Amino acid sequence: MLRSLSIAKRLYLNLLLLSAGIVVITLMMLWLFYQGLIEEKRIQAMRQVESVISLADYYHQQQQQGLMSDEEARQQALEAIAGLRYGNDDYFWINDAQPRMIQHPMNPGLNGEDLSTFKDPNGKALFVEMAAMVRSNGKGFVHYLWPKPGFDQPVDKISYVQPFMPWGWIIGTGIYIDDVQTQLTATALKILMVVVGLGAIAVLVAIALIRSILQPMGDTVRALRDISHGEADLRQRL
């Protein structure tokens with residue numbers, strides 16, 4: 001098949017395939033970078049919840065040692081957890097296995113509410129799924145839609161939940177996917193600018209090389225044609 005193509009077409013086809021390869025590799029790199037960002041955020045959420053579990057355990061130990069009543073220990077733990085923030089004003093909430101909301105610092109109207117019928121816009125009973133995740137796996141991640149300040153519609157969110165068994169709490173925190181996408185977009189623009197710049201230089205160099213090959217070949221073909229027709233000066237250099 002390639003033999004049916006002219007040498008010029010073969011050379012430009014090679015350039016086209018090289019350019020397509022660079023684009024594919026760049027897209028693969030960005031996809032892997034995106035997956036790495038998601039995994040990094042998931043690990044961060046998990047570590048943050050583990051630190052809150054340790055904080056709750058501190059107050060539980062105070063109660064166990066008789067330094068606080070059970071009610072005092074729980075209340076002080078709730079107050080401490082309510083004020084915790086990390087990242088882009090990310091927070092922690094606490095519900096139980098019913099599920100019932102014990103504390104939500106950003107939406108206190110949910111406190112004390114039965115969450116068994118609470119669903120996101122896609123119909124996912126997210127708190128029921130969180131409670132089921134804890135019962136079946138002990139801890140884990142749940143993906144759903146949740147309101148975000150500055151947005152008219154709920155956006156994608158991934159949350160990590162882990163139980164604090166002594167008090168029957170399920171402590172969770174989440175990451176908004178659009179935050180990751182914003183970070184990816186900023187990085188992708190930088191990478192694409194570099195790739196486009198280097199790619200443009202590479203294409204210009206390749207085109208110059210191709211022309212440096214095709215022009216002498218064309219001159220040679222024309223000279224041989226003239227010779228075959230007896231019209232050429234046989235002293236010319238090919």
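**Rings, sheet and helices**

Modeller: Rings of Phe, Tyr and Trp (its six-membered ring) pair if their centres lie within 6.5 Å, and planes under 30 degrees apart count as stacked, over 60 as edge-to-face and the rest as tilted. Keep in mind that this is a predicted model, where local features need pLDDT of at least 70 and side-chain atom pairs count only at pLDDT 80 or more, while totals for chains, interfaces and linings use all residues. Residues are numbered from 1 along each chain as its sequence is written, and side-chain values use heavy atoms, with hydrogens and water left out.

Biologist: How many aromatic pairs does the structure hold?

Modeller: Twelve. One of them is Y86 with F92, a tilted pair at 5.4 Å centre to centre and 35° between the planes. Y86 and F92 are both buried, and buried means under 20% relative accessible area, with exposed over 50% and partly exposed in between (1.4 Å probe, protein chains only).

Biologist: And what about F118 and W146?

Modeller: F118 and W146 are tilted too, at 5.7 Å centre to centre with 40° between the planes. That pair links distant parts of the chain, as F118 sits in the loop between β2 and α3 and W146 in strand β3, 28 residues apart. By the way, helices (H or I, at least four residues) and strands (E, at least two) are DSSP runs, numbered from the N terminus.

Biologist: Is W146 buried or exposed?

Modeller: W146 is buried, because its relative accessible area is 8%. F118 has 27% relative accessibility, so F118 counts as partly exposed.

Biologist: OK, switching to the sheet. What's the strand order?

Modeller: The order is β2-β1-β5-β4-β3, five strands in an open sheet with antiparallel pairing. Two strands pair if DSSP finds at least two bridges between them.

Biologist: Which strands stand at the edges?

Modeller: β2 (101–103) and β3 (140–146). Each has a single partner strand, so one side of each is left without a neighbour in the sheet. On average, neighbouring strands of this sheet are turned by 35° against each other, direction ignored. For angles, axes are lines fitted to C-alpha atoms, for helices over the stretch in contact, and values run from 0 to 180 degrees between N-to-C directions.

Biologist: How many bridges join β3 to β4?

Modeller: Seven, with β4 covering residues 155–164 and the two running antiparallel. For instance, H143 stands opposite I158 in β4, and V142 has S159 as its bridge partner.

Biologist: Why is β4 called largely enclosed?

Modeller: Because nine of its ten residues are buried. On the β5 side, eight bridges join β4 to β5, again antiparallel, and Y160 has T173 as its bridge partner in β5. β4 and β5 form a hairpin with four residues between them, and G168 in the turn has a positive phi of about 70°.

Biologist: And which strands does helix α3 lie across?

Modeller: α3 (residues 126–137) lies across β1, β2, β3, β4 and β5, and runs at about 180° to β3.

Biologist: Last one: what does Q62 touch?

Modeller: L67 and M68, not counting residues up to four places away in sequence. Contact here means heavy atoms within 4.5 Å. Q62 is in helix α1 (residues 7–64), and at 15% relative accessibility it counts as buried.
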